[in-house]
Amino acid sequence: MIFGEAAFVAMMFLPGVLSRITTPTVASQGISTANITQGMLSLLYNPSTNSLINASAMGGFINNEKPMVMFLTVNDISVIETTCSVWPVLYNASAYHGYTVIVVVLPNPPSQAPASTGSIQLFNSYVSQLCGFSPSSTNFMIVTTFWDNITEGTYVIPGYQTLLTQLLTKLGMNVSNVYLPILILIGPHNAVNATGIIYGQQLANATYLNEALFPSNSN
């Protein structure tokens, strides 16, 4: 089954969550932000192979030593057009600063996730046309994921709506104020803090993005 890896990783990193999550608003108790981030990394999905990315087997994903950037976005022309500033920053993060860049493409609405191979190809085409940048020509990992919770046998695997709600709640953020697209800075060992959650008008501000990702360059 394609969810075997996710169920295994979720059981390791999200103890006690699988049996009790029934709605996206359930708060996580006794679970660290690193645990939640690891759960998110375990649900990256490649529609062209109809399988999950084996996050536990890929170097730099679980207990990562170098920083990562996860850009959660929607395959929607208006959304893409307003976040063109993100792409040069992501390119610099990958090419010159050693970041692993993960672009997670969701359909519009996200509840229809995961995105299909054709949807991701269309997304790449929109970004190229509207922003003059070709994500597919980079070494970015361009994938999709599951928005809703997944039932696998007797387990309920938290989807991204649940995991994001838990992550934002743990970071003391008002979940109702945060909306897609979202850029998440993930430090070594899957560390995340509130300043690393970037969304809204901040995504259109290249100066802000550069200062957030490369603070030593702004001094």
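Below are my entries on the sheet, its pairing and its cover.

Entry 1, ground rules. I'm reading a predicted model, where local features need pLDDT of at least 70, side-chain atom pairs count only at pLDDT 80 or more, and totals for chains, interfaces and linings use all residues. Residues are numbered from 1 along each chain as its sequence is written, and side-chain values use heavy atoms, with hydrogens and water left out.

Entry 2, the sheet. I looked up the strand order (strands are DSSP E runs of at least two residues, helices H or I runs of at least four, numbered from the N terminus). The sheet is open, has five strands in the order β5-β4-β3-β8-β9, and its pairing is mixed; I count a pair if DSSP finds at least two bridges. β5 (141-143) and β9 (197-199) are at the edges with a single partner strand each, so one side of each has no neighbour in the sheet.

Entry 3, β8. Which way does β8 pair with β9? β8 (residues 182-186) runs antiparallel to β9, over three bridges. I noted Tyr-199 of β9 as the bridge partner of Ile-182, and Ile-197 as that of Ile-184. On the β3 side, five bridges join the antiparallel strands β3 and β8, with Val-69 opposite Leu-185.
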